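Good morning, and thank you for making time for this presentation. May I ask you to turn to the sequence and the structure as they come up.

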Amino acid sequence: MAVVMVAGLLGLAGCASEQGAAGAERTDAAAGTPTAASPSAPASPTPATPPSGSPRPSPVPVTGPDQLLVTMEVTGGFAGVQKEVALRGDGTVHTTDKGERAVRRTSAAQFTELRTLLGDPALDDVSDFTKNMQAADLFQYTLRFGGRTVRTDLSAEEPALDRLVQALSAWLPQ
(Lines give C-alpha, C1' and ligand atoms only; values in the text may rest on other atoms or scores of the structure.)
Protein backbone atom coordinates (compact mmCIF):
# COMPACT_ATOMS: atom_id res chain seq x y z
CA MET A 1 0.00 0.00 0.00
CA ALA A 2 2.90 2.38 0.77
CA VAL A 3 4.24 1.82 -2.75
CA VAL A 4 0.83 2.70 -4.19
CA MET A 5 0.70 5.86 -2.08
CA VAL A 6 4.24 6.86 -3.13
CA ALA A 7 3.45 6.18 -6.77
CA GLY A 8 0.23 8.16 -6.43
CA LEU A 9 2.03 11.09 -4.82
CA LEU A 10 4.71 10.97 -7.47
CA GLY A 11 2.10 10.82 -10.20
CA LEU A 12 0.20 13.79 -8.73
CA ALA A 13 3.42 15.76 -8.47
CA GLY A 14 4.26 14.90 -12.06
CA CYS A 15 7.45 13.08 -11.25
CA ALA A 16 6.64 9.41 -11.73
CA SER A 17 9.36 9.22 -14.34
CA GLU A 18 10.07 5.77 -15.65
CA GLN A 19 13.50 6.92 -16.82
CA GLY A 20 16.53 5.53 -15.07
CA ALA A 21 19.27 7.61 -13.57
CA ALA A 22 21.02 7.98 -16.90
CA GLY A 23 17.86 9.52 -18.33
CA ALA A 24 17.30 11.91 -15.44
CA GLU A 25 16.10 15.24 -16.77
CA ARG A 26 18.11 18.26 -15.83
CA THR A 27 16.45 21.64 -15.59
CA ASP A 28 18.00 25.08 -15.56
CA ALA A 29 16.53 26.43 -12.31
CA ALA A 30 16.89 30.05 -13.37
CA ALA A 31 15.08 29.58 -16.66
CA GLY A 32 12.95 26.59 -15.63
CA THR A 33 13.74 24.86 -18.88
CA PRO A 34 15.07 21.34 -19.42
CA THR A 35 18.71 20.99 -20.43
CA ALA A 36 20.74 17.98 -21.50
CA ALA A 37 20.69 14.95 -19.23
CA SER A 38 23.72 14.47 -17.05
CA PRO A 39 26.03 11.78 -18.42
CA SER A 40 27.15 10.95 -14.89
CA ALA A 41 23.73 10.76 -13.27
CA PRO A 42 23.88 8.94 -9.94
CA ALA A 43 23.22 5.27 -9.64
CA SER A 44 20.93 4.14 -6.88
CA PRO A 45 23.02 3.05 -3.88
CA THR A 46 22.83 -0.54 -2.80
CA PRO A 47 20.74 -0.75 0.35
CA ALA A 48 22.58 -2.28 3.26
CA THR A 49 20.99 -5.12 5.13
CA PRO A 50 20.41 -4.10 8.73
CA PRO A 51 21.99 -6.30 11.40
CA SER A 52 19.72 -9.09 12.56
CA GLY A 53 17.28 -7.86 15.17
CA SER A 54 17.44 -4.27 13.87
CA PRO A 55 14.29 -2.71 12.50
CA ARG A 56 14.16 -2.45 8.71
CA PRO A 57 14.33 1.11 7.41
CA SER A 58 11.15 2.38 5.80
CA PRO A 59 10.83 5.45 3.58
CA VAL A 60 10.14 8.73 5.35
CA PRO A 61 6.67 10.01 4.51
CA VAL A 62 6.08 12.83 2.06
CA THR A 63 3.55 15.47 3.07
CA GLY A 64 3.66 17.53 -0.10
CA PRO A 65 5.67 18.43 -3.19
CA ASP A 66 7.32 21.45 -1.52
CA GLN A 67 8.47 19.47 1.52
CA LEU A 68 12.23 19.69 2.03
CA LEU A 69 13.25 16.15 2.99
CA VAL A 70 16.99 16.67 3.34
CA THR A 71 19.71 19.16 2.53
CA MET A 72 23.42 18.48 2.54
CA GLU A 73 26.11 21.12 2.25
CA VAL A 74 29.67 20.04 1.49
CA THR A 75 32.44 22.51 2.27
CA GLY A 76 36.18 22.58 2.74
CA GLY A 77 38.91 20.43 1.36
CA PHE A 78 42.08 21.76 -0.20
CA ALA A 79 40.18 23.40 -3.07
CA GLY A 80 37.64 25.20 -0.86
CA VAL A 81 34.61 23.32 -2.12
CA GLN A 82 31.12 24.62 -1.42
CA LYS A 83 28.31 22.49 -2.85
CA GLU A 84 24.75 21.83 -1.77
CA VAL A 85 22.11 19.25 -2.58
CA ALA A 86 18.46 19.24 -1.49
CA LEU A 87 15.77 16.60 -1.96
CA ARG A 88 12.17 17.81 -2.16
CA GLY A 89 8.88 16.01 -1.71
CA ASP A 90 8.16 16.10 -5.44
CA GLY A 91 11.22 13.93 -6.14
CA THR A 92 13.39 16.76 -7.43
CA VAL A 93 17.01 17.18 -6.42
CA HIS A 94 18.27 20.77 -6.35
CA THR A 95 22.02 21.33 -6.47
CA THR A 96 24.29 24.34 -6.20
CA ASP A 97 27.99 24.41 -7.06
CA LYS A 98 30.07 27.56 -7.65
CA GLY A 99 26.87 29.57 -8.12
CA GLU A 100 25.56 27.16 -10.75
CA ARG A 101 22.12 25.78 -9.91
CA ALA A 102 20.53 22.69 -11.37
CA VAL A 103 17.37 20.70 -10.79
CA ARG A 104 17.06 17.04 -11.67
CA ARG A 105 14.21 14.63 -11.17
CA THR A 106 14.70 11.28 -9.46
CA SER A 107 13.09 8.12 -10.76
CA ALA A 108 10.44 6.57 -8.51
CA ALA A 109 12.97 3.91 -7.39
CA GLN A 110 15.69 6.50 -6.61
CA PHE A 111 13.20 8.64 -4.67
CA THR A 112 12.10 5.66 -2.60
CA GLU A 113 15.72 4.64 -1.96
CA LEU A 114 16.70 8.13 -0.77
CA ARG A 115 13.64 8.29 1.49
CA THR A 116 14.47 4.82 2.86
CA LEU A 117 18.02 5.95 3.69
CA LEU A 118 16.49 8.93 5.52
CA GLY A 119 14.16 6.56 7.40
CA ASP A 120 16.95 4.34 8.69
CA PRO A 121 16.47 4.08 12.49
CA ALA A 122 20.28 3.94 12.88
CA LEU A 123 20.39 7.67 12.00
CA ASP A 124 18.73 8.34 15.38
CA ASP A 125 21.95 7.19 17.07
CA VAL A 126 24.27 9.39 14.98
CA SER A 127 25.89 12.21 16.91
CA ASP A 128 24.98 15.73 15.83
CA PHE A 129 28.67 16.65 15.62
CA THR A 130 31.69 14.52 14.75
CA LYS A 131 34.98 15.96 13.65
CA ASN A 132 38.56 14.75 13.64
CA MET A 133 40.39 17.73 15.13
CA GLN A 134 43.79 16.26 14.10
CA ALA A 135 42.99 16.12 10.39
CA ALA A 136 43.30 19.01 7.97
CA ASP A 137 41.49 19.67 4.72
CA LEU A 138 38.69 17.14 5.23
CA PHE A 139 35.35 17.89 3.65
CA GLN A 140 32.72 19.05 6.12
CA TYR A 141 29.16 17.79 5.65
CA THR A 142 26.16 19.55 7.15
CA LEU A 143 22.94 17.57 6.79
CA ARG A 144 19.50 18.80 7.79
CA PHE A 145 16.71 16.23 7.96
CA GLY A 146 13.93 15.20 10.32
CA GLY A 147 14.19 18.39 12.36
CA ARG A 148 17.88 18.01 13.16
CA THR A 149 21.26 19.14 11.91
CA VAL A 150 24.22 16.77 11.71
CA ARG A 151 27.74 18.08 11.11
CA THR A 152 30.48 15.61 10.27
CA ASP A 153 33.71 15.10 8.38
CA LEU A 154 32.91 11.37 8.04
CA SER A 155 35.81 10.49 10.32
CA ALA A 156 33.54 8.54 12.68
CA GLU A 157 32.26 5.15 11.61
CA GLU A 158 28.53 5.72 11.07
CA PRO A 159 27.34 3.34 8.32
CA ALA A 160 23.80 4.76 8.05
CA LEU A 161 25.12 8.31 7.75
CA ASP A 162 27.84 7.23 5.33
CA ARG A 163 25.23 5.60 3.06
CA LEU A 164 23.08 8.74 3.11
CA VAL A 165 26.05 11.03 2.36
CA GLN A 166 27.19 8.73 -0.45
CA ALA A 167 23.72 8.65 -2.02
CA LEU A 168 23.30 12.43 -1.83
CA SER A 169 26.87 13.07 -3.04
CA ALA A 170 26.11 11.10 -6.19
CA TRP A 171 23.71 13.90 -7.20
CA LEU A 172 26.29 16.68 -6.81
CA PRO A 173 27.95 18.10 -9.91
CA GLN A 174 31.43 16.66 -10.49
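Let me begin with a definition: a residue is called buried when its relative accessible area is under 20%, exposed when that area is over 50%, and partly exposed in between. Asp128, with a relative accessible area of 42%, is therefore partly exposed. Please bear in mind that this is a predicted model.

I turn to the overall architecture. The chain contains 3 helices and 9 strands. Read from the N terminus, the order of elements is α-β-β-β-β-β-β-α-β-β-β-α. Of the 174 residues in the chain, 36% are buried. Among contacts with a separation of 6 or more, 53% are between residues 24 or more positions apart.

Next, the charged pairs. Side chains of opposite charge can pair when their charged atoms come close. How many salt bridges does a search of the whole structure find? The search finds 2.

One of them returns us to Asp128, whose side chain meets that of Arg148 in a salt bridge, at 2.6 Å from N to O. Asp128 belongs to the loop between α2 and β7, whereas Arg148 belongs to strand β9, residues 148-152, so this pair ties together parts that are 20 residues apart in sequence.

There is also a salt bridge between Arg163 and Asp120, with 3.0 Å between the closest N and O atoms. Here distant parts of the chain are linked: Arg163 is in helix α3, residues 159-169, and Asp120 is in the loop between α2 (108-118) and β7 (129-130), 43 residues away. Are these two partners buried or exposed, or something in between? Arg163 has a relative accessible area of 22% and is therefore partly exposed. Asp120, at 11%, is buried.

A few words on aromatic rings. The structure holds 0 aromatic pairs. A ring does, however, take part in another arrangement: the charged end of Arg115 sits over the ring of Phe111, at 5.2 Å from the ring centre.

Finally, I would draw your attention to Thr71, which is located in strand β3, residues 68-76. Because its relative accessibility is 10%, Thr71 counts as buried. Which residues does Thr71 touch, leaving aside those up to four places away in sequence? They are Glu84, Val85 and Ala86, together with Thr142, Leu143 and Arg144.

Thank you for your attention.

How values were computed. Residues are numbered from 1 along each chain as its sequence is written. This is a predicted model: local features need pLDDT of at least 70, side-chain atom pairs count only at pLDDT 80 or more; totals for chains, interfaces and linings use all residues. Side-chain values use heavy atoms; hydrogens and water are left out. Helices (H or I, at least four residues) and strands (E, at least two) are DSSP runs, numbered from the N terminus. Buried means under 20% relative accessible area, exposed over 50%, partly exposed in between (1.4 Å probe, protein chains only). Contact means heavy atoms within 4.5 Å. A salt bridge is a side-chain nitrogen of Lys or Arg within 4 Å of a carboxyl oxygen of Asp or Glu. Rings of Phe, Tyr and Trp (its six-membered ring) pair if their centres lie within 6.5 Å; planes under 30 degrees apart count as stacked, over 60 as edge-to-face and the rest as tilted. A charge sits over a ring if NZ of Lys or CZ of Arg is within 6 Å of the ring centre and within 35 degrees of the ring normal.
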